[in-house]
Amino acid sequence: EVIGDYNLPKGFAEGSVFPICQPGEITLEYWRSANNETLQRGSDPFADNYAWKAIEEATGIQVEFMLFSGQNYATQYSLMLASEEYPDVAEAQTYTGGPDLAIEDGVYTNLADYEDLIPNYLRWVNRTEADRKACYTDEGNLPYFAQVYSRPQTTFLGYGIRQDWLDDLGLEVPETIAELEAVLEAFRDNKTGGVGPMDMGLGRNGFTPANYIEGAFNVDSGKTVGMIVKDDVIESSYRSQGLYDYLELMARWYEENLIDKDFMNQDFFWDTERLANNESGVVSLMYTQAGTYAADAGMAPEGCYLQLIPNVTMDGIDRKIYSMGEYTASTMGSGAVVFADSEILEEAIRWCDYRYSEEGYMTTNYGVEGETFYYDEDGNPMLMDLLVNNPEGLSMGFAQEIYLVHNGSVIFLLDREENQVPESGIIYNDIWRKFGEWNLTGTLTFTPEEGEEQARLANDLTTYISEFVCKIIMGQMELNDQTWDQFQDQMTAMGLDRVVEINQAAYDRFLKR
């Protein structure tokens, strides 16, 4: 279960006063990315945005948007930093040397020096220890107005199974590796014409999304070089017997036609052609794609119902790895920065802080009552058709960017998204909401030297590990004591222990924040 109080802050925090100025008295330059469809709507794509209009009315500050496509925003941001011609506020990208150096260089404002101006934001920052550690740096600086989730989101990616096939065969949803294997055998023999009924997911690296199967062996494939933490000591799970056992299982499943033999070429959550041809019975998916989503979208046969599967366990192993861990925060590790040379520095800080008040987060998430949302009979805010069934045919995500503020330095209310999803998907909160004791979580920061060394070593290691794992699974290399020892020796030679050492130092600093 999630540890901490995730009640939403109400009203305005004590000490916050709005508007900031008379309407239009101050203009603020704000950099952010937008999708290409938004940019194609003209020179002022937010002209009809209900949320930004309401924020301008509430704060008095007029915003001059500098919008760039997501594909080239990082490049434009780097060029802006090099020019030393800064806006007032920007959704941050990488600063060479990290945010502490950006503050030391006098580029970013240290919000910790202006805490009296950000009382609404601080209510979110201080909700839990994990959130505080995520927001403050090793040096005690507060560089960002972060994107904050209303609670830590349960991993939104896992596996679904053809419930219609289970019903036909009189089978139950599997909860263990052994039960999953039995179901895969039944699907192979009775439904898929002998081909492997399980898709591996998008990774194409021999592992499964969100540590679904390897996590049962206490392997975390989602972290750099498989790092896990036990009693605050970091190690690589790729050194463990668990990885050996996982590879042994998956190699056997591959040989026995229980998994897709072409998993290296998968380019979607599931293989769309295989699902459409009744060759896939277990696929990776987001919780929003459960139920009849695939069939309704024409990506699966009529009657296909994808039931979410709980994280499976292995007999004899106490599962300590899921997707999230102790220091999973609701607060993202970066966000908007206020540039230190802004001529409206304090006003820009207060403008950002507004969005973290109740009025602010309701506006960014839902917009204006009667225009973009309504309250249902239970008092829940619900988005209107303009957002969820757009008359122009805009996708929900695109419509939210045009009419609301659904990402960046804002509060992301998960209820807003979940209220639009049927029960087939919402059960993800019950069956995927697991926090692993050994999952390494937390926003680790590195010195420039550490970051450069880790990136160089970890990139080569990741490539080598993926190649080894895939060769073993596909039978191109036999798994035995000799090949396993060679694998371990090669990882050592490539600097695995040094990567772990670098992360241990960063983790130790993280714990002291």
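Two strands count as paired if DSSP finds at least two bridges between them. Keep that in mind as we walk through this structure, which is a predicted model.

Four bridges join strand E5 (residues 157-162) to strand E9, and the two run antiparallel. If you'd like a spot to look at, find isoleucine 161, which stands opposite glutamine 307 in E9. The sheet they belong to is an open one of three strands, in the order E8-E5-E9, and its pairing is antiparallel. On the edges sit strand E8 (282-286) and strand E9 (306-309), each with pairing on one side only. Ignoring direction, neighbouring strands of this sheet are turned against each other by 45 degrees on average.

There's another sheet to visit. Six strands make up this open one, and you can trace them in the order E2-E1-E3-E11-E4-E14. Here the pairing is mixed. In general, strands of a sheet pair through backbone hydrogen bonds, and they can do so either parallel or antiparallel. The edges of the six-stranded sheet are strand E2 (61-69) and strand E14 (411-412), each of which pairs on one side only. Further in, strand E1 (residues 26-34) and strand E3 (residues 89-91) run parallel and are joined by two bridges. Look for tryptophan 31 here: across from it, in E3, stands alanine 90.

While you're around E1, step back into the segment before it, where you'll find proline 19. A cis peptide bond joins phenylalanine 18 to this proline, with omega at about 5 degrees. Why stop at it? Most peptide bonds are trans, and most residues other than glycine have a negative phi.

Alanine 210 has a phi near 55 degrees, a positive value in a residue other than glycine. Asparagine 211 also has a positive phi, near 60 degrees, and isn't a glycine either. Where do you look for them? Alanine 210 is in the loop between helix H8 (177-190) and strand E6 (227-230), and asparagine 211 has its place in the loop between H8 and E6 as well.

On the H8 side, Ile177, Leu180, Glu181 and Leu184 meet Leu249, Arg252 and Trp253 of H9. Sort the residues of this contact by type and you get five nonpolar, no polar and two charged.

By type, the H19 and H20 contact has six nonpolar residues, three polar ones and no charged ones.

H19 has another partner too: helix H21 (residues 496-511). Their axes lie 9 Å apart and the packing angle is about 135 degrees, so H19 and H21 are oblique to each other. The crossing of this pair is left-handed. From H19 the contact takes in Glu450, Glu453, Gln454, Leu457, Ala458 and Leu461, while H21 brings Leu496, Arg498, Val499, Ile502, Asn503, Ala505 and Arg509. This time the residues divide into seven nonpolar, two polar and four charged.

Last stop: salt bridges. How many does the structure hold? There are 21 of them. One to find is the salt bridge between glutamate 129 and lysine 133, whose closest N and O atoms are 3.8 Å apart. Both residues lie in helix H6 (residues 129-135), and they are four residues apart, about one turn of the helix.

Methods. Residues are numbered from 1 along each chain as its sequence is written. This is a predicted model: local features need pLDDT of at least 70, side-chain atom pairs count only at pLDDT 80 or more; totals for chains, interfaces and linings use all residues. Side-chain values use heavy atoms; hydrogens and water are left out. Ala, Val, Leu, Ile, Met, Phe, Trp, Tyr, Cys and Pro count as nonpolar, Asp, Glu, Lys and Arg as charged, and the others, Gly among them, as polar. Axes are lines fitted to C-alpha atoms, for helices over the stretch in contact, and angles run from 0 to 180 degrees between N-to-C directions. Angles under 35 degrees count as roughly parallel, over 145 as roughly antiparallel, 65 to 115 as roughly perpendicular and the rest as oblique. A crossing is left-handed if the near helix is turned anticlockwise from the far one by less than a right angle, and right-handed if clockwise. Contact means heavy atoms within 4.5 Å. A salt bridge is a side-chain nitrogen of Lys or Arg within 4 Å of a carboxyl oxygen of Asp or Glu.
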